[in-house]
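The following paragraphs give a guided reading of a model, to be followed with the coordinates at hand.

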Amino acid sequence: MMSSKFQRPLNWLLQQFQLKPGKPAIASSLQTLISVLGPIGVGVLMGHPAASAIAVMGAWLVGLVNVDGAYHQKATAKIAAAISITAMLFLANLVHDTLWLSALTTFLVMFLAGFVGLFGQVASSISLITSIMFIVALARFATFPDLSTVLHQCALCLAGGIWSTVVSLGLWVVRPYSPVIQAVANCYGTLSQLVESAGERAANPGDRPEWTTRFLQAQDNFTQALTSARSVWSAVWTAQRAANLPGNQLLILIEDAPQIANSVVALVEHLSISSNHRLFQQLRREIQQAMKQLAAALQRMSDAVREADGKGFIANGKSSVHLEDFDRAIAALEHQRQALRTQLNSQTLAVQAEDYAELISFGKIVATLKLLAEQVHSDAEVIIALQRGDVGTIAKAGVTRPRLPALSSILGPLRDNLTFHSVLFRHALRLALVATIAEVLASILHIPRGYWITVTAVVALKPNYGGTSETTLQRVLGTVLGGIIGIAIVTLIHNPWVIGACLLLLMVTAVAVRPLSFSLFITLLTPAIILLLNVTSKGGWQIGVMRIADSLAGGLLALIGSYLLFPRWERQQLPAQLERTIRANLGYFQQVIAYYLNPNQDSSAGSIANLRRQAALENANAAAAAQRLFSEPRHVRGEVEPITTLILYIRRFFNSVITLAEHRRELSGEYQCPDFKQFADAIVQVLENLADALQQGQPPRSLPALDPYLEAIHDHIEQLHANRVSELAADLGTATPTLQAIRERTPISTELDRIAQEITSIHSAIVRLQE
């Protein structure tokens with residue numbers, strides 16, 4: 001009883017510090033170390049170490065600006081950040097003398113900082129560090145009335161920011177393609193994780209709920225990595241009218257990645273069907289081994305791309321793209337399938353008829369793995385050419401660069417969001433009020449280092465309550481634990497050299513783990529700040545106590561503000577997101593069905609890819625919205641079971657449509673299932689009605705009868721199988737029209753059954769949701 005009583009909170013606490021998949025940002029941590037040590041070293045050499053604090057602050061804040069993209073994008077963002085924080089320092093000096101003026105300026109600065117998130121993640125990141133600089137400068141640096149001192153401060157701040165920019169972009173000329181290489185490598189790394197997750201389906205057929213969650217998360221991770229790779233590639237080569245050879249090679253790898261992912265999804269669908277068959281155990285080990293080797297091959301490809309040199313694209317020899325183990329695993333699987341086929345042919349006709357459908361399903365699994373092997377071999381050749389720096393041409397047609405979206409005007413989005421109905425407008429207003437209240441209270445109550453309260457509230461406050469509560473929890477937990485660590489170091493260690501070493505170690509480690517765990521980042525950053533303040537001023541262990549108390553106060557203020565000030569609960573916004581998600585999946589389904597009904601249309605391949613991409617993004621958006629909903633207060637979020645079910649079955653429907661789209665490659669156009677079009681039309685009508693019901697907030701119409709269409713298709717498939725068994729008995733050979741029809745229509749029939757079940761579950765979930 002006692003152990004169980006403490007086990008649950010302990011598990012919950014460990015979950016808050018759980019590391020995300022990925023690698024520590026070692027390069028970023030080293031850049032941060034150099035960025036901070038540079039101003040400190042200059043200050044010490046010039047005999048003014050205290051004066052370097054502003055330059056250190058500027059370098060640190062600019063280093064926090066995280067930009068994914070080409071080097072010119074990073075340079076632009078970091079230079080803009082350096083100028084912005086310098087402007088905030090100057091502004092803070094102008095208004096700090098008068099409380100009402102500083103409060104009014106704080107309100108305006110914070111409102112603009114919250115509203116500028118309208119222009120994307122980079123703008124939001126810059127606005128956050130500029131708002132932090134204004135808050136800190138208003139409390140600590142804005143104390144000198146003369147203009148020369150203010151200009152000197154601004155010069156130090158700008159110098160620190162420019163120094164940080166130079167350090168982070170020092171390899172610009174040497175490695176101009178490095179951002180794209182890293183993005184492509186990350187794309188294939190997430191592909192490897194997707195295959196590894198898919199392999200768990202073959203290993204544990206009964207582990208469905210837990211496995212489904214992991215697989216869908218792996219899909220989302222790949223979608224994000226693919227989107228990032230396309231964006232970075234476009235940013236690097238947009239300025240060039242035509243991509244050079246390395247650019248084309250990297251683009252081929254980017255555009256081949258979703259084809260591999262689609263085949264993996266189709267493979268999982270076939271495994272879900274076949275794993276319940278009694279004959280599956282005879283192929284299970286070989287299937288597991290093939291998928292294990294496929295995941296390993298993709299990881300080797302990721303490593304090989306990552307280790308290509310950015311200047312000459314010459315591999316350093318550590319990674320290679322050997323596929324022999326994967327080829328042997330595929331050969332072993334094919335051998336085992338042929339042995340199973342021979343075994344079935346020696347049985348009676350009754351047994352053959354019973355097991356023949358299973359053999360067709362196994363054939364789809366083997367065929368999909370063979371297709372994956374061909375794709376992997378093709379991409380491995382591209383990677384080898386990339387490593388060697390080959391200068392020949394690429395014999396691959398249909399490679400086009402992704403188009404950049406047109407530049408939107410600034411006034412349009414501003415005008416559209418200057419309304420109380422805008423989520424960003426409400427967030428900006430909430431942020432401004434909370435920050436202003438914190439500043440005024442800290443000033444009136446004369447709270448030592450009260451700006452910590454304001455900074456904590458500003459960092460924790462998000463556009464939604466779920467994001468605010470999650471960030472607040474992580475920040476408060478990290479600050480409490482980190483404060484305890486800092487107090488212990490200050491109390492037990494008095495050697496200044498040891499304290500300096502601890503400070504640098506904590507700072508470097510904090511930046512390294514930042515991409516993996518925000519809670520751990522705050523836990524390591526907090527004692528670093530405590531030690532830094534003890535080095536630059538007196539305070540002792542009391543600084544750690546004040547840091548913890550101020551963090552608690554700031555987190556509480558952020559939660560109260562998020563709950564009381566113009567909340568826009570996720571429950572109110574979720575129906576619109578779900579409607580967009582259903583319509584995106586409907587568009588993808590309609591395009592795939594259109595190809596089945598008219599296989600000769602030439603323009604469908606690009607349309608299918610674009611619609612699939614849009615559906616995948618909307619599915620990820622819906623899952624993220626649901627996660628935000630789960631973080632909201634229980635009495636606000638309401639019943640979550642229908643939402644969880646709805647999103648799960650939308651994702652399953654999406655994967656079923658991917659499987660149908662992949663099956664297009666085997667269509668001859670000569671054979672079609674009866675009632676196929678009628679079934680597809682019924683599904684389209686149901687999805688359109690469900691989207692309309694979510695848009696209008698009304699219950700959907702009753703689900704139409706789908707069984708008659710499916711029964712007609714099943715009867716047709718059973719007749720084909722019976723005819724095929726008769727052909728085998730008459731020894732008519734293998735290449736017959738009946739066999740071709742079975743290979744084309746059996747997978748379609750199976751997938752239509754799954755789609756009918758998924759649509760029924762989606763309809764039921766929306767009915768419960770509307771109630």
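How many disulfides does the structure hold? The structure holds 0 disulfides, a disulfide being a pair of cysteine sulfur atoms within 2.5 Å. The sulfur of C157 has its closest cysteine sulfur in C154, 7.1 Å away, which is too far for a bond. C157 is buried, at 0% relative accessible area, and C187 is buried at 1%; buried means under 20% relative accessible area, with a 1.4 Å probe and protein chains only.

This is a predicted model, in which local features need pLDDT of at least 70 and side-chain atom pairs count only at pLDDT 80 or more, while totals for chains, interfaces and linings use all residues. Residues are numbered from 1 along each chain as its sequence is written, and side-chain values use heavy atoms, with hydrogens and water left out.

Another buried residue is G114, with a relative accessible area of 6%. G114 belongs to helix α5 (residues 99-115), helices being DSSP runs of H or I with at least four residues, numbered from the N terminus. Leaving aside residues up to four places away in sequence, G114 touches L424, H427, A428 and L431, where contact means heavy atoms within 4.5 Å. Between G114 and S127, 13 residues apart in sequence, the C-alpha to C-alpha distance is 7.5 Å.

Helix α16 (residues 451-460) meets helix α20 (residues 542-564) through residues including W452, I453 and T456 in α16 and I543, M546 and R547 in α20. By class, this contact has 9 nonpolar, 4 polar and 2 charged residues; Ala, Val, Leu, Ile, Met, Phe, Trp, Tyr, Cys and Pro count as nonpolar, Asp, Glu, Lys and Arg as charged, and the others, Gly among them, as polar.

Terms used: Axes fitted to C-alpha atoms, helices over the stretch in contact; angles between N-to-C directions. Helix = DSSP H or I, 4+ residues; strand = E, 2+ residues; numbered from the N terminus. Buried < 20%, exposed > 50% of the residue type's maximum accessible area, 1.4 Å probe, protein only.
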